[in-house]
Amino acid sequence: MSGVATFLTRRRGGRGWHWTDVVSWLWLAGGLVIMFGPAVWLLGSSFKTPAQLAEFPPTILPYVSQQATVEGHDKPLTLYRVKLPDGSTKVLAEVRRIGIVAQMVDPKAPNEIVKVNIANREPVREIGLATENYTEPFVHFDFLRYLRNSVFVTAMATLITLLTNSMAAFALSKYRFRGRDLTMLLIVGTLMVPLSVILVPLYSVVSAVGLLDSLWGVILPTVATPTGVFLLRQYMLTIPDELLDAARMDNASEWQIYWRIVLPLAAPALAVLAIFSVVWRWNDFLWPLVVLSRKELYTLQVGLNTYAGQLNVQWHYILAMTVVTMIPVVLVFVFLQRYITSGIAGTGLK
Amino acid sequence: MGRITLTDIDRAYGKIKILHNINLDVGDGEMLVLVGPSGCGKSTLLRLIAGLDRPTGGKIEIDGADVTEVSAARRGLAMVFQSYALYPHMSVRQNLAFGLENIRMPKAEIDARITEAARMLDIAPYLDRRPGQLSGGQKQRVAIGRAVVRNPTAFLLDEPLSNLDAELRISTRAELAALHKRLATTMIYVTHDQVEAMTLADRIVVMRSGRIEQVGRPLDLYNAPANLFVAGFIGAPRMNLLPAKVRSASGTQVHVEGPGGLSAAIAADGTALKPGDEATLGIRPHDIELSDGSKGSVEARVTLAEALGPETVVHATIAGDNRLVAVLKRQDVQTQGQPINLTLPPERMHLFDSTGLRIASR
């Protein structure tokens, strides 16, 4: 604990608070809140009941109202802390509510009804998790099918992305040919074209080749990423050409040079691209929504959308399932983040 | 067999010509050293021979077969790169095996060759290490080992010693010479270090700006450099070059006058030099002797004397700003700023005409 305190109050030079210490502390603390706040709120809210989600002001932690079984009543009654006219407070159970007046009983004296203005009471609550937000969808919602579709799309798309992008990057970094730089420029230039612009033409193409309503229709249009080609190319430029020459002297074919020399050496950059690709494809929503119309082909993100009906949004399920769908992405980051820093740092060098 | 013949080789990158009309014949089992200042095209020439690059004109033959259009892999040559170019993600053993696996050699034979090469080059203890865990000298030996296991027609070595420290360079140089003797395979060796060239070569090829300046045995190059460039390049410290004027020229002798009253009659057969022509006199620092001031000596002013023990390197100027370096086999030499008398023996002098070509004597 003291270690944490020392860490949090660490200062420049170790003595006194310089104004830069204050600024950086505030900056970092603010950043922490901005970055982590939504995630924490999401996690907390995913355990809330629908009623509590609709509550204002919202709370960060999920609570459940305490209930008590009172003699003479079949169902458990909700407990409230009531401010009585004489100024004292007492815990009472609500029997029924009429307008702004609630009829309440003392659980210890169940026969005596007390009428209370609802402004003078607040529910007795404790932190509690509405775990049915998580368990219910597994039973009623086709979670496992959607999960399988998502995993398939993510895994295939990532594999094909790595293969095709690294081949393009290899050619663009290790071969000299007319129009090479122009090709590179065009590829990077496509970064400026957002999906929404090409959505309709892309749909026509996918429809024309008969990939509509198929998972391959989701996978194939996304695999060629300019970011990936650029990232890998920049990294491959750092692999010395002498290695390739040595391999050529060693009777290696161009494919072997790519497969056995360049790919293993580009592993850090490939790891970065793999992480990116997993995150992108896992979180894809718009494109799968456009391509897929049969429910059994839905990916998780599209499947989640079924909780948002026209009239009624089941926030508690959406939030809970959002947390579940985030887990793989978070795991990928936790275990592979060191590659991200080393890989990205390495791509700038030539 | 490993006879390599280059005929009229040209190489240009766009409009810039790197190699001009190179003709060279490398005999079987020969150690040929390509030497020249950086940018002279020697590495380019090696890459052309290796097949990593194609000439824009000319023909390359190995053992009489035209290989100009043959890929690097099919030429049966092995190359050692300046940076060693070991595959960093493979162990030493895998590095050695890579080329053999690619030609689908049986595993037993690969193992036998690796064991043999490892024994010969003393790299057996690190066969399972990665190149990153090796020192410079060990990497160097692995790089040579990778060439040796291929059992090539010829070895191409591109400045293999330039990344080693001075001490290691000398010992590895000796090992390379021993290796060449043992394997008796043709080696083409590129370096910019004339000492390496002199010690290793059967024949040296001196190159400058994409042209061959002279080809010959090391001592021939030292004793009879074909032109001013070779004269200045081969030998350390460099040959002293002094401006001179032809006084008279006969069929067998040229009489020249240099700065500071220097005068010499140099043997030359059938020269086109005429009295009054500009020429350059060359004399190696080791050929200069200290004189007692008698006739025929020149007076110089010492600018720096470096006492090395067995010899003293004297930097001096004669007649104003003509610099001269002399290596004298003695320790009692005048120090800075003092006048000194030096003898420049005419029989040790080299004479170059105004185009830089040597006036041949004998």
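Domain bounds here come from an automatic or database domain assignment. This is a predicted model, in which local features need pLDDT of at least 70 and side-chain atom pairs count only at pLDDT 80 or more, while totals for chains, interfaces and linings use all residues. Residues are numbered from 1 along each chain as its sequence is written, and chains are lettered from A and ligands numbered from 1 in the order in which they are written.

**View 1. The domains of chain A.** Chain A splits into domain 1 (2-45), domain 2 (63-127) and domain 3 (134-347). Taken over C-alpha atoms, the centres of domain 1 and domain 2 of chain A are separated by 43 Å.

**View 2. Where chain A meets chain B.** Two residues are in contact if their C-beta atoms, placed from the backbone, lie within 7 Å. On that basis, 14 residues of chain A and 16 residues of chain B take part. Helix H10 (241-249) and helix H11 (254-265) of chain A each supply at least two residues of the side that touches chain B; helices (H or I, at least four residues) and strands (E, at least two) are DSSP runs, numbered from the N terminus. H10(A) gives the most to this side of chain A, with six residues. The residues on this side of chain A comprise eight nonpolar, two polar and four charged. Here Ala, Val, Leu, Ile, Met, Phe, Trp, Tyr, Cys and Pro count as nonpolar, Asp, Glu, Lys and Arg as charged, and the others, Gly among them, as polar.

**View 3. Helix H2 of chain B and its cover.** Among the buried residues of H2 (92-102) in chain B are B:Val92, B:Leu96 and B:Phe98 (buried: 20 or more other C-beta atoms within 10 Å of the residue's own, with C-beta atoms placed from the backbone). Their cover includes helix H3 (107-121) and helix H4 (136-148) of chain B. Just after H2(B), look for B:Arg104, which takes a positive phi of about 55°.

**View 4. An open sheet of chain B.** Five strands with antiparallel pairing follow the order E13-E12-E11-E14-E20 in chain B; two strands pair if DSSP finds at least two bridges between them. Strand E13 (263-267) and strand E20 (350-353) of chain B each have a single partner strand, so one side of each lacks a neighbour in the sheet. Strand E12 (253-257) of chain B pairs with E13(B) over five bridges, in the antiparallel sense.

Definitions and conventions
Buried ≥ 20, exposed ≤ 12 C-beta atoms within 10 Å, placed from the backbone.
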